[in-house]
Amino acid sequence: MTLAVGEQWLGIQDLVRVARSGETVSLAPQARKRVVAARELVMRLAISGQAIYGLNSALGANTGAVLAEGDLEDYQRRAVRARAVAVGPAYDKASVRAMQFARIAGLSRGGSGVSPAVLDACIAMLNSQVHPVVPRFGSIGVADLPQLSHLALPLFGEGQAEVRGEILSGAAALERAGLEPVTLGAKDGLALISSNAATTARAALVLHDANVALDAWLAAVALGYEGFRANLSPLHPGAVAARPAAGQVEVARQLRELLKGSALLEPGAARRVQDPVSMRVVPQVHGAVRDMVDAACAQVEIELNSAADSPLVLAEEGLMLSNGNFHVPALALALDASAIALAQAASMSVSRSQRFMSPALTGLPLQLTRHGPAHSGFATVQKTLTALWAEVRLRANPGSLDYLPVSEALEDHACMALGVAEKLGELVERVRYLIAIELLVAAQAVDLRELDTSQMGEGARRAFAQVRKLVPMLDEDRPLGPDIDRIQGAIAAGVFGPETTHQGAA
């Protein structure tokens with residue numbers, strides 16, 4: 001299947017398919033017309049004598065310095081080389097494909113003035129599975145210049161790229177794929193690197209993974225309700241509708257769907273009149289998380305469907321305008337907010353898991369072992385919970401405020417968007433481990449109560465069966481770390497997504 005880019009609205013799921021499933025792309029006919037019209041204007045203005053940033057005037061701290069007419073093409077190659085200053089470990093293949101796709105999507109809007117041949121070369125590289133080596137560190141969120149420069153180098157035979165698992169020079173990678181190096185014309189280098197495609201790509205993948213984790217989290221909560229024999233009155237439609245704060249009505253509905261058919265819905269089934277707060281306020285907290293994540297998804301999709309170049313080519317008006325669309329504070333702030341919201345939910349997950357260790361609350365054996373004090377059961381998992389919570393809490397700190405002026409203080413504001421996206425990705429990974437522990441603890445409680453699984457809610461029953469396919473009940477003490485790892489991997493793969501999958505932007 002080939003995805004036509006440049007006409008239809010692109011969603012996060014489109015990017016995920018291209019990045020992780022290898023879907024190919026093409027340029028929609030109307031998009032090609034826009035690209036050609038914009039390029040014609042660029043070439044006219046290049047010889048007009050009018051000083052235009054990035055076209056015939058230098059970049060960064062050299063802004064205003066006029067470029068020699070015969071140097072316009074060479075300058076574009078030098079501009080890319082000089083900004084290839086990213087360092088550190090290389091991104092994985094899926095992330096690089098996501099970056100390639102995000103930049104192709106932006107170029108297809110017609111605002112960059114890129115040469116059609118250069119855009120075609122970008123598409124050919126992606127479709128031929130030529131993946132540039134892109135180091136992780138260097139962007140300050142004022143266009144991802146370092147990462148996108150590394151992304152662009154192989155287009156004209158420089159840098160490095162991965163082809164079928166082998167790292168080659170840019171020139172060798174193109175040759176291996178049967179492609180030719182492209183010649184950059186006026187403004188082409190800047191068009192390739194002046195965007196936040198790396199941030200957009202990474203944020204899209206991270207938010208997709210966050211939504212997958214959130215689906216699994218509700219399955220874990222539902223299973224925990226069964227194991228705890230919880231009071232389900234906080235999920236009553238009338239209760240959540242009485243103060244319909246962001247997302248809580250929908251989350252309560254999803255939990256009721258996961259618990260459909262549960263004996264807990266019968267009058268008097270709950271063990272307690274009122275359960276711990278961490279069990280009662282799941283709709284409120286997870287509703288807020290969904291709202292924050294959805295807002296971040298919406299910002300990503302704006303970036304994916306926009307021309308955010310500076311200078312921006314407005315072909316119909318005959319203008320190239322310097323502007324601030326390279327700046328993405330709305331996205332950075334939304335990602336920071338999502339991290340804080342997820343940390344709120346993470347703290348409750350830790351509390352719920354710990355509550356299961358207490359016989360006074362659960363009526364179950366201490367530390368969820370039926371063998372008494374001679375066995376540890378789940379006792380030491382509390383250390384892992386505490387360590388994971390500390391990791392989550394660290395990554396919930398806002399990252400969008402941590403910038404310094406650069407380029408002779410001409411670039412005196414930044415939002416650090418790529419770093420914020422990476423920080424959120426690290427947080428989501430740790431959240432998956434918390435969910436895995438919550439699933440294991442809840443399943444252990446179900447086993448210890450010897451519940452009739454046919455009396456459990458449909459979604460909770462599915463989650464229990466999935467846990468037990470992967471790991472057995474804990475009887476004799478054994479290393480639980482591998483069990484947690486196994487469940488975490490299944491969460492990442494979407495195994496615990498309920499049938500009532502979230503239908504938001506990701």
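Author: The protein averages a pLDDT of 93, and 94% of the residues score at least 70; pLDDT is the predictor's confidence in each residue, from 0 to 100. This is a predicted model: local features need pLDDT of at least 70, side-chain atom pairs count only at pLDDT 80 or more, and totals for chains, interfaces and linings use all residues. Residues are numbered from 1 along each chain as its sequence is written, and side-chain values use heavy atoms, with hydrogens and water left out.

Reader: Where does pLDDT stay under 50?

Author: Where pLDDT is low, the predicted coordinates should not be read in detail. Here that applies to residues 500-506, for which the model has 21 contacts beyond four places in sequence (contact means heavy atoms within 4.5 Å).

Reader: OK, on to sheets. What is the order of the strands in the open sheet of 3 strands?

Author: Strands of a sheet pair through backbone hydrogen bonds, either parallel or antiparallel. In this open sheet the order is β4-β6-β7, with antiparallel pairing. Helices (H or I, at least four residues) and strands (E, at least two) are DSSP runs, numbered from the N terminus, and two strands pair if DSSP finds at least two bridges between them.

Reader: Why is one side of β4 and of β7 left without a neighbour in the sheet?

Author: β4 (130-132) and β7 (166-169) stand at the edges, each with a single partner strand, so one side of each has no neighbour there. Neighbouring strands of this sheet are turned by 35° against each other on average, direction ignored. On the sheet packs α4, which touches β4 and β6, its direction making about 95° with that of β4. Axes are lines fitted to C-alpha atoms, for helices over the stretch in contact, and angles run from 0 to 180 degrees between N-to-C directions.

Reader: How many bridges join β6 to β7?

Author: There are 4, and the two strands run antiparallel, with A161 opposite L168 in β7. β6 and β7 form a hairpin with 2 residues between them; R164, in the turn, has a positive phi of about 50°.
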